Amino acid sequence: MNASPNTDLPQLWLLRHGETEWSKSGQYTGLTDLPLTEEGERQALRAGGVLKGVEFRDVLTSPLQRARRTAELAGFPDAQLEPDAVEWNYGDYEGVNSADVRAKNPGYLIWTDGVPNGETIDEVAERADRIVERVRSGGAGDVLVVAHGHFCRILAARWLELDPVEGRHFLLGTARVCTLGWDKKTPAVVSWGL
């Protein structure tokens, strides 16, 4: 499978959970614990095919059921629960369709405007940084994190040593797989959105 040229360093694999009713409709889904749709379950099974044959040192999952079920269907029923991998707490925007927010405020961008009464992007980045540190301090080997759209995008930005707002450049569909590794000793994207 996709590998960094430097195998002495860890690689971080990301898997976004499969489709839910709210991801399908465009509603902000932070800590609301929704199940996968039937399509989301099929997506998770397909993601398992992408990950087949990769030996992971650790498999971590958000404790929310959509991520746990994705991990299970992708072939990782014993994934460790990682509370830091939950989605952004969207506060007052939880369950609100992002198009409705932009209809009231056409210039709105979650990456720069944030969410009322929820987490700041820097608070989400602090959680991502703890995971990056855990992966990097564990030595060589692959680590899979099964999590959520915005969180995975911020996690990728932090792996690359970018400001968390730069996660806005990494589109990530449901049940898509990404690999973050190295170009020699520089953090790099190995593959995105498989």
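**Helix contacts, sheet and loops**

Colleague: Which residues in H6 meet Phe151, Ile154, Leu155, Arg158 and Trp159 in H7?

Modeller: This is a predicted model, in which local features need pLDDT of at least 70 and side-chain atom pairs count only at pLDDT 80 or more, whereas totals for chains, interfaces and linings use all residues. Residues are numbered from 1 along each chain as its sequence is written, and side-chain values use heavy atoms, without hydrogens or water. Helices (H or I, at least four residues) and strands (E, at least two) are DSSP runs numbered from the N terminus, and contact means heavy atoms within 4.5 Å. On the H6 side, the residues that meet those of H7 are Ile121, Val124, Ala125, Arg127, Ala128, Asp129, Ile131, Val132, Val135 and Arg136.

Colleague: How many nonpolar residues has the contact of H6 with H7?

Modeller: Ala, Val, Leu, Ile, Met, Phe, Trp, Tyr, Cys and Pro count as nonpolar, Asp, Glu, Lys and Arg as charged, and the others, Gly among them, as polar. The contact of H6 with H7 holds four charged residues and no polar ones. The number of nonpolar residues is eleven.

Colleague: At what angle do H6 and H7 pack?

Modeller: Axes are lines fitted to C-alpha atoms, for helices over the stretch in contact, and angles run from 0 to 180 degrees between N-to-C directions. Under 35 degrees counts as roughly parallel, over 145 as roughly antiparallel, 65 to 115 as roughly perpendicular and the rest as oblique. H6 and H7 are therefore oblique to each other. Their axes are 9 Å apart, and the packing angle is about 60 degrees.

Colleague: Is the crossing of H6 and H7 left-handed or right-handed?

Modeller: A crossing is left-handed if the near helix is turned anticlockwise from the far one by less than a right angle, and right-handed if clockwise. By this criterion, the crossing of H6 and H7 is right-handed.

Colleague: How many residues of helix H7 are buried?

Modeller: Buried means under 20% relative accessible area, exposed over 50% and partly exposed in between, with a 1.4 Å probe and protein chains only. Those buried in H7 include Phe151, Cys152, Leu155 and Trp159. The buried residues pack against strands E1, E4, E5 and E6 and helices H5 and H6. H7 (residues 149-159) is largely enclosed by the rest of the structure, so the count of buried residues is ten of the eleven.

Colleague: Which residue takes a positive phi in the hairpin of E5 and E6?

Modeller: This hairpin has two residues between the strands. In the loop there, Lys185 counts as exposed at 66% relative accessibility. The residue with the positive phi, near 60 degrees, is Lys184.

Colleague: Is Val146 buried or exposed?

Modeller: Val146 is placed in strand E4. Among the residues that Val146 touches, not counting those up to four places away in sequence, are Leu15, Leu60, Ala67, Thr70 and Ala71. With a relative accessible area of 0%, Val146 is buried.

Colleague: At roughly what angle do the axes of H2 and H3 cross?

Modeller: Glu41, Ala44 and Leu45 in H2 meet Arg69, Thr70 and Leu73 in H3, a contact of three nonpolar, one polar and two charged residues. The two helices are therefore oblique to each other. The axes of H2 (residues 38-51) and H3 (residues 65-73) come within 7 Å, and they cross at roughly 45 degrees.

Terms used. Pairing = 2+ DSSP bridges.
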